[in-house]
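I opened this notebook to record what I looked up in the structure. The entries follow the order in which I consulted it.

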Amino acid sequence: MGNNILELREISKIYGSVGALRDVSLTVSQGEWIAIMGPSGSGKTTMMNIIGCMDKPTSGAVILDGMDISRESQKGLTNIRRDKIGLIFQQFHLINYLTALENVMVAQYYHSMPDEGEALRALQRVGLGERARHLPSQLSGGEQQRVCIARALINYPRLILADEPTGNLDETNEGIVLDIFRQLHGEGSTIIVVTHDPEVAEDAQRTIVLEHGRVARVTHS
Amino acid sequence: MFWRMVRGAVFRQRGRVLMIALTVALGASLATAMLGVMLDVGDKVNRELKTYGANINVIPKGASLLGDLYGVEDGSGVSDQYLPESELGSIKTIFWAFNIVDFAPYLDARAVLNGGGDVSLTGTWFDKRLELPTGETLVTGVRGMKSWWDVTGEWLAPGDTHAAMVGSAVAERNGLIAGDTISVGYAGRSVDFLVKGVFDAGGSEDDRIFVPLGAAQELTGREGRVSRIEVSALTTPDNELSRRAAQDPQSLSVKDWETWYCTAYVSAICYQIQEVIPGAIAKPIRQVAESEGAILEKTQFLMLLITVLSLAGSALGISNLVTASVMERSREIGLLKAIGAHNSPVSRLVLTETLAIAAIGGAAGYFAGLGFAQIIGQTVFGSAVEPKPMVAPIVAVLVVAVTLAGSIPSIRLLLSLRPAEVLHGR
C-alpha cells in the first residue's frame with residue numbers, strides 16, 4: 001500500500017440533516033486514472049471538494065500522500081492544495097483580465113516563483129504556444145480548458161483533479177483534452193476525473209459510481 | 001507577477017474601474033474644492049465684509065478717557081483732543097500693513113447751516129491719493145469705506161475743495177438737493193459749499209454734512225488735525241489668546257505675545273496702530289469684529305461639513321462598489337484561494353488594485369476640484385481661489401483613508417469566501 005497517493009477511510013459529509021457522503025472508502029494508487037460518476041446529487045462534487053482539500057469530511061479520514069489531511073486547518077489545506085493538487089474545472093475559471101500566459105503564471109506565483117519560460121512551455125505542451133498572449137475572451141472554450149490544464153500542471157502536482165473537464169466542450173475539443181489526459185497518464189500522473197460522460201470515463205482504469213452519497217459500484221477497464 | 005495582476009485588473013477592466021475611479025474622483029473633487037475655498041475663504045469673506053465698513057476706530061487718548069468717564073461719543077466734536085494728520089500714512093507701515101484695506105480720518109465739529117440751526121460737520125478724505133512713508137501710494141477714503149451709501153448726485157472728487165455731501169436727514173430738514181449751495185458757519189467764520197450729493201447711509205451719519213478734510217480744518221482753525229480715524233482691516237477671528245491679549249498684552253508670555261503679535265487678530269492690529277500713532281487709542285468696533293469672526297467661522301464650518309459629508313458619501317459609494325466588485329469577482333478570488341493563495345495576499349491584491357484605481361480617480365478629482373474651486377471663487381466672491389499647496393497632501397491622505405475605510409466590508413467578504421462554495425456552489 002506504500003504506492004497509494006490517496007486513501008479515503010469511511011468518510012461522511014453531513015450538511016445539516018442531509019448526508020452528502022456516507023461512509024465512502026477509496027484508495028487511489030500513484031499513476032492511476034480514476035473516474036467518478038453518478039447522477040446529480042450523488043455526492044460527486046462533495047467528494048471532489050474533500051479530495052481537493054477545499055472541504056473537510058464530517059467524519060472519517062483522508063490520507064493524501066501519506067498525510068492525514070482531515071483535521072488540517074484552512075491554512076494547512078491551502079498549502080496542501082498549492083503543493084500537491086492540480087485543479088481542472090468545468091467552467092475553466094480563468095482570470096479574465098490576464099492573458100493565457102499570466103493565468104498559468106498566477107499558479108506559479110502563489111506556489112513559489114513565476115517563470116515565464118516555464119509557463120510558456122506548459123502552454124506549448126497543450127498546443128497553445130501561439131495563443132499565450134491572448135486574453136480568455138479571445139480564446140475558444142477548448143483553448144480556455146487547455147489553459148486551465150496548463151495551469152493545473154505547472155507546479156507538478158501529485159494529483160490531478162478534474163471536475164467535468166469536457167462538460168463545456170464540443171466533440172473536437174473534448175478529444176483534444178482527453179488526448180492530453182492520456183498523455184499525462186502515460187507519463188505517470190495520477191488523475192481523478194469527475195464526469196457525467198461515459199466516454200470520458202471509458203479511458204479511466206477504474207470507475208467509481210456514486211449514488212445517494214454511497215459507492216454504488218466500481219468497474220475496472 | 002503581483003504588479004502584472006494589478007495592472008491587468010486596473011487597465012483591462014475599464015467599466016468596473018471607471019465606476020470606482022469616478023466615485024473617488026467625485027469625493028476628491030469636492031474635498032479639493034471645499035478645502036481650497038475653506039482655506040481661502042477667510043480672506044475672501046473678510047474682503048467681502050470690509051465693504052460694509054470699518055472695524056477699528058482710532059481716537060486720541062484724551063477723547064477715549066472722556067468717552068470712558070463721561071460717555072462723550074466719538075465724533076461729537078466736543079472733546080478738544082486731536083490726532084496729527086501727518087501720522088496717518090504710518091498706519092500702512094505696521095506689521096500687518098497688508099491687511100489694512102482702507103482708512104479715513106474725520107474732523108468733527110458743530111457748525112451752523114445757512115445762518116440757521118446747528119448741524120454736525122465732518123471733514124474727511126473721499127478719494128485721497130496718499131504718499132506712504134514706504135514710497136508707495138494709496139487711494140483711500142470714505143468712498144471705499146462707505147460703499148453702501150445710497151448717493152443721489154455724485155461723490156466728491158479729489159479736486160472738489162469746496163463741495164459737500166449732505167446726509168438725507170439734514171437734506172430733508174433743510175430742503176437741500178444736489179446742486180444747491182450751502183453756507184456753513186463756525187465761530188464767526190463762514191464758507192460756502194456746493195452740494196454734490198445727498199446720501200442715505202441708513203444711520204446716524206444721515207444727520208451729518210461731509211466736506212473735504214482740508215476745508216473743515218480751515219473752517220475750524222484746526223489745520224493738520226483730525227478727531228478720529230476709521231480703519232478697515234482684514235482680521236483673524238478672535239480666540240482665547242487674542243481675548244487675553246486684548247485685556248492686557250503684557251500679561252502674555254514671550255512666546256504667546258509673539259504668536260499674538262504675528263497673527264492678524266483685531267487686537268494685535270489695534271496694538272500695532274497705537275505703536276505708530278503716538279497718543280492714539282485704537283479700539284475694535286466689537287460688534288463688527290465679532291460678527292465678522294462669527295460669519296467666517298460659520299462659513300468655514302459649513303465648508304468643512306460639506307467636505308466631510310462628501311467624503312462620507314464617497315466612502316459609502318466606494319464601499320458599495322468595491323463590495324459589489326468582490327462579489328462579482330468571487331469566482332476569481334475563490335480560484336486564487338483554490339490554487340494556493342492565502343487570505344492576506346488576496347486581500348493585499350484587492351486593496352492594492354482599489355488604491356491604484358483610487359489614485360487615478362483621486363488625481364483626476366484633485367484637478368477637477370481645483371477647477372470647481374475657481375468656479376466657486378468666481379461665482380460667489382468674484383475672484384480666483386488661490387490653490388494652496390497643502391490641499392494636495394490632505395486630499396491624498398483623505399482619498400487613501402476613505403478608500404481603505406470603504407474597502408473594509410469588501411475585505412471582510414473576501415476573507416469569508418470559501419473556494420468550494422464559489423467554484424462548486426457548495
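How many residues of chain A are in contact with how many residues of chain B? I noted first that the model is a predicted one. In it, I found 23 residues of chain A in contact with 22 residues of chain B.

Entry on the chain A side. I looked up which elements give two or more residues to the side of chain A that touches chain B, and found helix H1 (44-51), helix H2 (74-84) and helix H3 (100-111) of chain A. The largest share comes from H3(A), with 7 residues. By class, I recorded 12 nonpolar, 6 polar and 5 charged residues on this side of chain A.

Entry on chain B as a whole. I listed 14 helices and 14 strands in chain B. Of the 426 residues in chain B, 44% are buried. I then took the contacts in chain B between residues at least 6 apart in sequence; 77% of these join residues at least 24 apart.

Entry on a helix pair in chain B. I examined helix H7 (residues 240-247) and helix H8 (residues 254-261) of chain B, which pack at an angle of about 100 degrees with their axes 10 Å apart. On the H7(B) side, the contact is made by B:Leu241, B:Ser242 and B:Ala245; H8(B) contributes B:Asp256, B:Thr259 and B:Trp260. I classed the residues of this contact as 3 nonpolar, 2 polar and 1 charged.

Technical notes: Residues are numbered from 1 along each chain as its sequence is written. Chains are lettered from A and ligands numbered from 1 in the order in which they are written. This is a predicted model: local features need pLDDT of at least 70, side-chain atom pairs count only at pLDDT 80 or more; totals for chains, interfaces and linings use all residues. Helices (H or I, at least four residues) and strands (E, at least two) are DSSP runs, numbered from the N terminus. A residue is buried if 20 or more other C-beta atoms lie within 10 Å of its own, exposed if 12 or fewer, and partly exposed in between; C-beta atoms are placed from the backbone. Two residues are in contact if their C-beta atoms, placed from the backbone, lie within 7 Å. Ala, Val, Leu, Ile, Met, Phe, Trp, Tyr, Cys and Pro count as nonpolar, Asp, Glu, Lys and Arg as charged, and the others, Gly among them, as polar. Axes are lines fitted to C-alpha atoms, for helices over the stretch in contact, and angles run from 0 to 180 degrees between N-to-C directions.
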